[in-house]
Amino acid sequence: MIKVENLYKSFQGKTVLHDISFDVQKGEVLGFLGPNGAGKSTTMRIITGFLEPDAGQVSICGQDVAQSPVEAKRYIGYLAESAATYQDMRVQSFLNFAAQIRGLIGVAKSTAIDRVIDLCHLEPVLHQPIENLSKGFRQRVGLAQALVHDPDVLILDEPTDGLDPNQKYEVRGLIARIAQSKAIVFSTHILEEVENVCSRAIVINEGRIVANGTPDSFKAQTSSGRLDDFFRNITRSIKEPKTLN
Amino acid sequence: MSPTKMIQIITKRELSVYLGSPVAYVFLIAFLLLSGILTFTLGNFFERNEASLGIFFNWMPWLLLFLVPAIGMRLWSEEKRLGTIEFLLTLPITPLQAILGKFIASWIFLIVVILGSFPMVITVNLLGSPDNGVILAGYIGCFFLAGTYLAIVCLASALTKNQVIAFIVSVMVCLLLNLIGFSPITDLLSRWLSPPMIEGIANFSVLSHFDGFQRGILDSRDVIYFVSVIACSLYINNLVIKNTRAG
């Protein structure tokens with residue numbers, strides 16, 4: 001459902017993505033891992049059509065993002081890293097806008113809105129302006145707008161960032177519940193999430209894919225059997241300082 | 001869904017932002033107060049003893065010069081600063097649909113605000129018998145003028161995250177479009193430039209093209225001028241937004 005082929009991207013002469021290729025099938029939750037600045041968000045922005053790559057192609061459900069951006073974007077639900085939403089709008093009207101612009105009208109629209117309100121537990125804040133909400137609720141509003149049109153492809157950039165442990169648990173549960181019918185790409189810093197939620201993971205470092213496999217296969221490559229050791233081993237670009245005597 | 005429908009949805013959202021924010025009401029009051037003061041006090045409306053809104057329309061290019069940038073400066077700058085541009089541009093719409101939706105919403109808002117001055121029309125009709133055709137043409141000219149300033153503000157706003165910079169840049173550009181047709185400036189330029197050159201430069205001024213509307217003449221050349229500046233600014237706006245996507 002998601003096919004990413006040979007992506008290259010540089011900003012002001014600095015290469016941030018180098019030959020990134022992968023694909024995601026229906027029912028898969030792909031964990032996207034990497035240190036800060038590794039190129040995770042840039043890749044996601046290219047997949048969603050917000051940024052154009054210098055070279056390479058992305059297709060979503062058979063639609064090329066560069067050739068037919070509007071058609072490709074119809075299949076995507078995207079929660080950006082900042083989870084930016086229109087702060088001056090109330091939750092209900094924001095979701096209404098998100099549903100309308102995705103082509104939902106009439107009964108289908110109200111059913112879809114009710115479904116995501118329920119799914120993301122937004123009932124208590126429905127009539128509040130988004131700017132008055134806590135970070136957790138804002139993140140859930142962002143998630144709700146990404147899910148409102150029941151997209152085939154979900155791109156979630158650090159969806160659990162800034163949430164408290166209970167909310168993180170809820171979001172993970174939500175992703176697990178909807179995973180069967182969708183292709184999901186999900187970036188995170190929390191390795192525990194990868195183990196719990198993802199069927200496969202990609203580790204990206206300095207703009208290159210350095211590992212692609214199941215969380216279990218990663219763990220098998222370390223003597224400790226721990227995912228964080230694997231992550232540290234393959235993403236450590238600078239040598240650890242020597243211990244001072 | 002049709003592109004028009006998409007533009008309509010964006011327009012509706014933007015209009016709801018205006019209606020839901022105090023800025024709109026402050027703007028409306030500021031416009032009515034300033035246009036009233038400029039017309040009745042500084043413009044010596046009563047001493048002129050004319051049943052016309054000529055003096056009101058005379059002030060419009062100068063008043064809108066500040067008020068339109070104040071309304072339009074947030075259009076793209078705010079999206080960029082808050083990061084909502086990422087949300088907007090990943091929706092299944094083209095950048096041009098987003099640009100047109102925002103532009104149309106703000107233009108509708110400005111037209112409604114300008115129409116808020118209708119008590120002046122009633123006043124001159126009560127005091128005398130003005131040529132209402134001239135007044136109507138003046139209002140149409142104001143709508144085009146506001147649209148032209150607005151398109152320039154949209155472009156300036158797309159260029160920066162900072163609303164103050166967007167405001168200052170658009171006031172400067174709109175001021176320039178005024179001054180090149182403002183008689184004290186053209187008189188000054190006539191010391192160095194030949195009359196055909198001055199006329200050529202003044203042809204690019206909003207004042208020269210607004211003048212016809214003020215006198216009740218709907219000249220297609222004036223309409224074409226305003227429509228061209230709007231189309232040109234929005235076209236460049238589209239390029240700027242596309243360029244944002246190129247990183």
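The structure is a predicted model, in which local features need pLDDT of at least 70 and side-chain atom pairs count only at pLDDT 80 or more, while totals for chains, interfaces and linings use all residues. Residues are numbered from 1 along each chain as its sequence is written, and chains are lettered from A and ligands numbered from 1 in the order in which they are written.

Helix packing was examined in chain B. Helix 4 (residues 54-72) and helix 7 (residues 95-115) of chain B pack at an angle of about 140 degrees, and their axes lie 11 Å apart. Helices (H or I, at least four residues) and strands (E, at least two) are DSSP runs numbered from the N terminus; axes are lines fitted to C-alpha atoms, for helices over the stretch in contact, with angles from 0 to 180 degrees between N-to-C directions. Helix 4 and helix 7 of chain B are therefore oblique to each other.

From helix 7 of chain B, B:Pro95, B:Leu96, B:Ile99 and B:Phe103 meet B:Leu234, B:Asn237, B:Asn238, B:Ile241 and B:Lys242 of helix 14 of chain B. By class, 6 nonpolar, 2 polar and 1 charged residues form this contact of helix 7 with helix 14 of chain B. B:Val112 is also placed in helix 7 of chain B. B:Val112 is partly exposed, with 13 other C-beta atoms within 10 Å; a residue is buried at 20 or more such atoms, exposed at 12 or fewer, and partly exposed in between, with C-beta atoms placed from the backbone. Between B:Val112 and B:Ile168 there are 56 residues in sequence and 24 Å in space, C-alpha to C-alpha.

A further pair in chain B consists of helix 9 (residues 132-159) and helix 10 (residues 163-179), whose axes are 9 Å apart at an angle of about 140 degrees. Helix 9 and helix 10 of chain B are therefore oblique to each other, and they cross in a right-handed sense. B:Tyr149, B:Ile152, B:Val153, B:Ala156 and B:Ser157 in helix 9 of chain B meet B:Ala166, B:Val169, B:Ser170, B:Val173 and B:Cys174 in helix 10 of chain B. The contact of helix 9 with helix 10 of chain B divides into 8 nonpolar, 2 polar and no charged residues.

The interface between the chains takes 22 residues from chain B and 24 residues from chain A. On the side of chain B, two or more residues come from each of helix 1 (3-20), helix 6 (84-89) and helix 14 (220-246). Helix 1 of chain B gives the most, with 6 residues. The side of chain B that touches chain A has 11 nonpolar, 8 polar and 3 charged residues.

Chain A is divided into domain 1 (2-75 + 151-235) and domain 2 (84-150), with bounds from an automatic or database domain assignment. The centres of the two domains of chain A, taken over C-alpha atoms, are separated by 24 Å. In domain 1 of chain A, 8 residues are in contact with 8 residues of domain 2 of chain A.

A:Ala99 lies in helix 3 (residues 91-101) of chain A and is buried, with 22 other C-beta atoms within 10 Å.

Notes: Parallel < 35°, antiparallel > 145°, perpendicular 65-115°, else oblique. Contact = placed C-beta atoms within 7 Å. Nonpolar A, V, L, I, M, F, W, Y, C, P; charged D, E, K, R; others polar. Left-handed = near helix turned anticlockwise from the far one by under 90°.
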